[in-house]
Amino acid sequence: MSATPDRDADHSGGWRTYAPLDLHPVLLHAMAAFNEHGYHGTTVRDIARRVGVTVPALYYHYENKQALLVTLLETSMSDVLGRCRAAVAEAGDDPVDRFSAIVECIVVYMANRRGLAFLDSEIRSLEPENRARYVELRDSLQYMLLDTVEAGIEQGSFTTPIPADASRAILTMCQGVANWYRSDGALTPSDVAERHVLLCLGTVGYLAPREPAKPASLRQARENAGARTRDSVG
């Protein structure tokens with residue numbers, strides 16, 4: 001018996017809100033073990049010891065170690081996708097607003113869910129069928145971002161000649177937050193998100209309008225990015 005991630009999680013009530021991570025104890029301890037020792041360096045016996053149960057008892061919940069990794073990875077990707085969809089819906093029709101919301105959402109997720117997000121590097125440990133399913137989920141996030149970048153280019157707000165490459169670079173940069181962010185550091189998740197929106201707007205060649213931008217949580221970052229881009233090409 002194993003828990004299945006909710007692929008249709010509803011985050012419309014607040015995609016910026018993060019409650020304490022609610023996972024089965026077996027998953028929580030498996031996540032900690034995978035992060036500490038890697039997937040291949042972790043044994044089922046080690047996870048059972050951490051949980052305080054026997055190996056047969058652990059197998060009652062999850063059939064094997066691979067099932068634990070699959071559940072953790074799919075839970076994480078399902079969560080960030082649901083939050084990004086809610087962020088896009090809140091941002092409205094403007095591509096720049098949507099782009100800024102997606103970047104903010106991904107970065108804030110990486111900072112608040114480091115334990116889960118860090119496991120993305122274990123994609124190499126997935127069996128072929130599981131890997132294909134996870135890659136499909138991850139591609140959905142990339143396509144969401146790419147569609148927004150292309151809409152911004154069509155609108156004339158973004159100037160990058162390589163939208164697909166820019167989108168991949170942005171996702172890599174945002175996902176990297178899970179590797180270095182520390183909750184006891186000087187920056188809050190919102191601080192890190194604001195800086196990454198600035199960096200990512202520069203990556204897509206954002207040209208800010210001369211008139212004041214529409215009110216948004218990261219308006220100043222957008223204006224700064226546009227000003228810097230104009231200076232570099234002027």
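The second largest pocket of this predicted model holds about 380 Å³ of space. Its lining counts 23 residues. Which of them lie closest to the centre of the pocket? They are Asp-120, Arg-138, Leu-171, Thr-172 and Gln-175.

Now look at where the lining comes from. Six helices, α4, α5, α6 (114-117), α7 (128-155), α8 (163-175) and α9 (177-180), each give at least two residues. Helix α7 supplies the largest share, with 5 residues. By class, the lining of this pocket has 12 nonpolar residues, 7 polar ones and 4 charged ones.

Turn to how they pack. Two packed helices are described by the angle between their axes and by the distance between those axes. Helix α4 covers residues 65-91, and helix α5 covers residues 95-112. Their axes are 9 Å apart, at an angle of about 150 degrees. Angles over 145 degrees count as roughly antiparallel, so α4 is roughly antiparallel to α5. The crossing of α4 past α5 is right-handed.

Which residues make this contact? From α4 come Ser-76, Asp-79, Val-80, Arg-83, Cys-84, Ala-87, Val-88 and Ala-91. From α5 come Asp-97, Arg-98, Ala-101, Ile-102, Cys-105, Ile-106 and Tyr-109. Sorted by class, the contact between α4 and α5 has 10 nonpolar residues, 1 polar residue and 4 charged residues.

How values were computed
Residues are numbered from 1 along each chain as its sequence is written. This is a predicted model: local features need pLDDT of at least 70, side-chain atom pairs count only at pLDDT 80 or more; totals for chains, interfaces and linings use all residues. Side-chain values use heavy atoms; hydrogens and water are left out. Axes are lines fitted to C-alpha atoms, for helices over the stretch in contact, and angles run from 0 to 180 degrees between N-to-C directions. Helices (H or I, at least four residues) and strands (E, at least two) are DSSP runs, numbered from the N terminus. Angles under 35 degrees count as roughly parallel, over 145 as roughly antiparallel, 65 to 115 as roughly perpendicular and the rest as oblique. A crossing is left-handed if the near helix is turned anticlockwise from the far one by less than a right angle, and right-handed if clockwise. Contact means heavy atoms within 4.5 Å. Ala, Val, Leu, Ile, Met, Phe, Trp, Tyr, Cys and Pro count as nonpolar, Asp, Glu, Lys and Arg as charged, and the others, Gly among them, as polar. On a 1 Å grid over the protein atoms alone, a cavity is a set of points where a 1.4 Å probe fits but cannot get out, and a pocket is an open set with protein on both sides within 12 Å along at least five of seven lines; lining residues have an atom within 4 Å of a point. Grid points are joined across faces, edges and corners, and a volume is the space filled by probe spheres set on the points.
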